[in-house]
Amino acid sequence: MSHRPIYLDCHATTPVDPRVLEAMLPYFTEYFGNPSSLHQYGWEAEMAIKQGREIIAQAINATPEEIVFTSGATEANNLAIKGVAEAYFSQGKHIITVVTEHRAVLDPCQYLQTLGFEITYLPVKPDGLIDLEVLEAAIRPDTILVSIMAANNEIGVLQPLKEIGEICHNHQVLFHTDAAQAIAKIPLDVAQMNIDLMSLTAHKVYGPKGIGALYVRRRNPRVKLAPQLHGGGQEKNRRSGTLYTPQIVGFAKAVEIGIENMIKENQNIGQLRAKLWSILQQLEGIVLNGHPTQRLSGNLNVSVESVDGSALLLGLKSTVAVSSGSACSSTKIAPSHVLTGLGRSKKLAYASVRFGIGRFNTMAEIETVGKAVISTITALRQSQRISDSSLSSNHTSQNFGSSEITI
Ligand SMILES: *Cc1c(COP(=O)(O)O)cnc(C)c1O
């Protein structure tokens, strides 16, 4: 391939930082032992994992024993939600979450409904944030868990974790947060924020795919968790399976780099985002999705009026790799549940673009993308106007919900 589009999809995943890869490499070939083995090869791996665990724990102000390594945030969310449900069902069968959560939270909750649990899906305000009074009012005597994400993967908004934690703590309800997008990007402190369980993943912060962790509080209160993977009893019986030494080393390195550079990197990335937004605002009929300031520095999610969503993505795809507000399953295109959760119309949800700016993007790239977006949208609107006037009885322009890409 001679030319690849500019990558602005850092909420989907990020490239592995070269420093992370370098740290990982010896653990594939040289220090390859099974950390459970009682000989030097095992001890070498065990030592690396111990250090990794300390780094991850420190990053969120937890203790190393409170970290359970998993294959990523999907597994961590499943372990947290189903593991708590199974361990606490005799105390209650009510769980509270939010309509804009990631599918890795919503789907385990839906599954639990089939087992007789009751789930409250809190709405969000038009800016994507929850209403704390609505949360507090939703807590019942039989509520066992509140699961609310730290940073949204589509619109980047940051929920008020400390305030949520305080409410949960006062009502003695466990608080889980999916921090897949937040780790090493915003300050996280499980003590200060009263967080009882927290899901993490490496591959959104320039670490490898296939590794993540669940933080599980051990004191005040000690959280009980029913394991979801049974086997060798690793991770103090909370998650069986041979630990992936290279991935854990890489995860820890990625988190370490992210924490060390957090302030400066957020400034740099924030400048790129501000630039892109200032270019895009030259367009008429472009709206920002999500709270204007309480969001991840690299996130810009916009909806564009008077443009067919699928045509827009098609028009951009040779220039820039981004995601849109439509989630394509194999047969149908559905509008993003996050954008409709904000109250956006289906049409505006389809005609949306999520820009995820990251560590390796440059100002020149942002300017290229900004110009390309403007010219694509301008051209699409023009051709739409021509076809609308020449085919005045036709209704194709309203029809994009069901149609495949046609332009
Ligand atoms: C990416 C993501 C996940 C899934 O994480 P994996 O490690 O890929 O399983 C879960 N929640 C949020 C908010 C995410 O952004």
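Predicted model: local features only at pLDDT ≥ 70, side-chain atom pairs only at ≥ 80, totals over all residues.
1. Start with the loop that holds proline 221: this loop runs between strand E8 (212–216) and helix H8 (245–260). Helices (H or I, at least four residues) and strands (E, at least two) are DSSP runs, numbered from the N terminus. Asparagine 220 and proline 221 are joined by a cis peptide bond, with omega about -5°. Glutamate 235 lies in the loop between E8 and H8 as well. Glutamate 235 is not a glycine, yet has a positive phi of about 55°.

2. Residues are numbered from 1 along each chain as its sequence is written, and side-chain values use heavy atoms, with hydrogens and water left out.

3. Ligand surroundings. Gly72, Ala73, Thr74, His102, Met149, Asn153, Asp178, Ala180, Gln181, Thr201, His203 and Lys204 surround the ligand (a heavy atom within 4 Å of it).

4. On the backbone side, a polar atom of alanine 73 is 2.9 Å from a ligand oxygen. Two side chains also take part. Aspartate 178 places a polar side-chain atom 2.6 Å from a ligand nitrogen. Histidine 203 has one 2.8 Å from a ligand oxygen.

5. H3 against H8. Helix H3 (residues 40–59) packs on H8 at about 35°, with axes 9 Å apart. Axes are lines fitted to C-alpha atoms, for helices over the stretch in contact; angles run from 0 to 180 degrees between N-to-C directions. The crossing is left-handed (near helix turned anticlockwise from the far one by less than a right angle; clockwise is right-handed). H3 contributes Ala45, Ala48, Ile49, Gly52, Ile55, Ile56 and Ala59; H8 contributes Thr245, Ile248, Val249, Phe251, Ala252, Val255, Glu256 and Ile259. Contact means heavy atoms within 4.5 Å. By class there are 12 nonpolar, two polar and one charged residues.

6. H4 against H5. Helix H4 (residues 73–88) and helix H5 (residues 103–114) pack at about 30°, axes 9 Å apart. That makes H4 roughly parallel to H5 (angles under 35 degrees). Their crossing is right-handed. Thr74, Asn77, Asn78, Ile81, Lys82 and Ala85 of H4 meet Ala104, Val105, Pro108, Cys109, Tyr111 and Leu112 of H5.

Methods: Parallel < 35°, antiparallel > 145°, perpendicular 65-115°, else oblique. Polar contact = N/O pair within 3.5 Å; in protein donor to acceptor, adjacent residues only side chain to side chain. Nonpolar A, V, L, I, M, F, W, Y, C, P; charged D, E, K, R; others polar.
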